[in-house]
2 protein chains.
Amino acid sequence: MPAEATSSDVFWLRDEVARPPRRNTPLSLARIIDAAITELDATGVDRLTMRRLAERLEVTSTALYWHVKTKEDLLDLALDHVVGEVPVPAPDVPPRAGLQKLLVGWYSAMVAHPWSPSLLGRPLLGPNVLTRTEYIQAKLVEDGLAGKDLAAVTHTLAGLVLGSAMADATWQRIDDPAAIAKVRAHILDSADRYPTLSTSGFVDAGWSDNELFALGLDRVLDQFLGTK
Amino acid sequence: MPAEATSSDVFWLRDEVARPPRRNTPLSLARIIDAAITELDATGVDRLTMRRLAERLEVTSTALYWHVKTKEDLLDLALDHVVGEVPVPAPDVPPRAGLQKLLVGWYSAMVAHPWSPSLLGRPLLGPNVLTRTEYIQAKLVEDGLAGKDLAAVTHTLAGLVLGSAMADATWQRIDDPAAIAKVRAHILDSADRYPTLSTSGFVDAGWSDNELFALGLDRVLDQFLGTK
DNA sequence: ACCTGAACACCGTTCAAGT
DNA sequence: ACCTGAACACCGTTCAAGT
């Protein structure tokens, strides 16, 4: 039998504030991943700790472990989330154009989150990675590749994208122009040991990494694909 | 004035064992790097700690800091040491053959130390790396490349080698056949989402990574170099 | 179900002190 | 010059306990 309501016990007059303090927002896997990526973009991979991440989310570090098994799992999720930003071309885009678009997008997404290539040492098996790998192979098959050729081209394209992203992201993370100048000076000072590097424009960065990647990829696709 | 020797104070009778216990071998930067690589080969990159490394060398962990500034410096040195294993072809080897040889050697050295690609996130500026980068560009110039083309081809080849080494080393580190089987099963179970991957041989590893890399590199060099 | 607090077993690194 | 010992300021993670 429900207790009879007195005039003082009315919903509108009840002291809402006295209730257990409402969390700002309940924690969730998605929120944790978002916060991790924000933190990684801001501070880089070796500054991300579970404690700092928890602080940003206004919870205890140990609270994270209800949603995520380990820090490594979290990093895997963050990496796959970045790959999820890569647009997958529409099905009717022809192989050559579609591949170029997807691979440039993949490269760009990783360079935009320069910490992400340093996570490549772990198996890439997230749904976003697999979806895009499926696209790559599907387009190669559509272009007529199969068997060993297909395998070799898939490996080559994947290696090229990931390796270029890794190399370029490494340099991009160095925001100190003095450090860049030091590298330049080091090579130029050793012109006897590095005669080509010191005179070929290698240290002068006359072209953007992005530009060079797109150019190289274009020619590699020329070699591997029949149609243009 | 030297104290006169008594008959009991003879070199041959002196108690050698009572002297300060001779260290097995004095520490040195080279010995530290060697030990680090041995440890890395045996246990992988995230199991290497300064304390464990010190234990292997029979010193205190803090002793290492007299020879090395930070752990990161040590890892940079270890990586450059691995690249030092890559043979540089003789000067009279023609560009195409020389490049193929050096790049396959680079790939092989990194895969042989599967922890090394995961260190690529740091700038590659060691002497062994620069020597081999110099060789690559010198041979490309010898083949007639210059300017933007030279820059693009250098970046492409470097990206391809490092990315392929990274990807293949990742899989090689998984020595548990059950884990591999799980990946296979995961993709085959999702054949509707991954129709190409599940039927193209992607999961069957009919060819070695080494073989596929060499094949892909060969065709890329065909595209970039004039002579064969 | 979801989070806190205390605790454990580690880390890299510094620095005074020894030889 | 080269190494030890103690100490500092962190880590990731577990687990009992709270709500």
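Among the contacts in chain A that link residues at least 6 apart in sequence, 68% join residues at least 24 apart; a contact here means heavy atoms within 4.5 Å. This is a predicted model, so local features need pLDDT of at least 70 and side-chain atom pairs count only at pLDDT 80 or more, while totals for chains, interfaces and linings use all residues. Residues are numbered from 1 along each chain as its sequence is written, chains are lettered from A and ligands numbered from 1 in the order in which they are written, and side-chain values use heavy atoms, with hydrogens and water left out.

**Fold and surface of chain A**

- Chain A has nine helices and zero strands. Both kinds of element are DSSP runs numbered from the N terminus, with helices being H or I of at least four residues and strands being E of at least two.
- Read from the N terminus, the order of elements is α-α-α-α-α-α-α-α-α.
- Of the 228 residues in chain A, 42% are buried. The classes are buried (under 20% relative accessible area), exposed (over 50%) and partly exposed (in between), using a 1.4 Å probe and protein chains only.

- Chain A is assigned domain 1 (11–81) and domain 2 (87–224), with bounds from an automatic or database domain assignment.
- The centres of the two domains of chain A, taken over C-alpha atoms, are 32 Å apart.
- Contacts between them involve 11 residues of domain 1 and 14 residues of domain 2 in chain A.
- About 1,000 Å² is buried between the two domains of chain A, and carbon and sulfur atoms give 60% of it. A:D41, A:L79 and A:D80 supply 52% of the area that domain 1 buries against domain 2 in chain A, more than any other three residues.
- Buried area is the accessible area (1.4 Å probe) that two parts lose on being put together, summed over both.
- Two salt bridges are counted between domain 1 and domain 2 of chain A. A salt bridge is a side-chain nitrogen of Lys or Arg within 4 Å of a carboxyl oxygen of Asp or Glu.

**Salt bridges up close**

- Over all chains, the count comes to 18 salt bridges.
- A:E72 pairs with A:R122 in a salt bridge, with 3.0 Å between the closest N and O atoms.
- B:E211 and A:K148 form a salt bridge with their closest N and O atoms 2.7 Å apart. This pair crosses between chains, from helix 9 (residues 209–224) of chain B to helix 7 (residues 147–173) of chain A.
- B:E211 is partly exposed at 33% relative accessible area, and A:K148 is partly exposed at 31%.
- B:E39 and B:R52 meet in a salt bridge at 3.8 Å, N to O. B:E39 lies in helix 1 (residues 29–43) of chain B and B:R52 in helix 2 (residues 50–56) of chain B, so the pair ties together parts that are 13 residues apart in sequence.
- B:E39 counts as buried at 5% relative accessibility, whereas B:R52 counts as partly exposed at 35%.
- B:D76 forms a salt bridge with B:R122, with closest N and O atoms 2.6 Å apart. B:D76 is in helix 4 (residues 71–83) of chain B and B:R122 in the loop between helix 5 (95–112) and helix 6 (127–142) of chain B, so the pair ties together parts that are 46 residues apart in sequence.

**A buried loop serine**

- A:S116 sits in the loop between helix 5 (95–112) and helix 6 (127–142) of chain A, and at 0% relative accessibility A:S116 counts as buried.
- Leaving aside residues up to four places away in sequence, A:S116 touches A:L79, A:V82 and A:M110.
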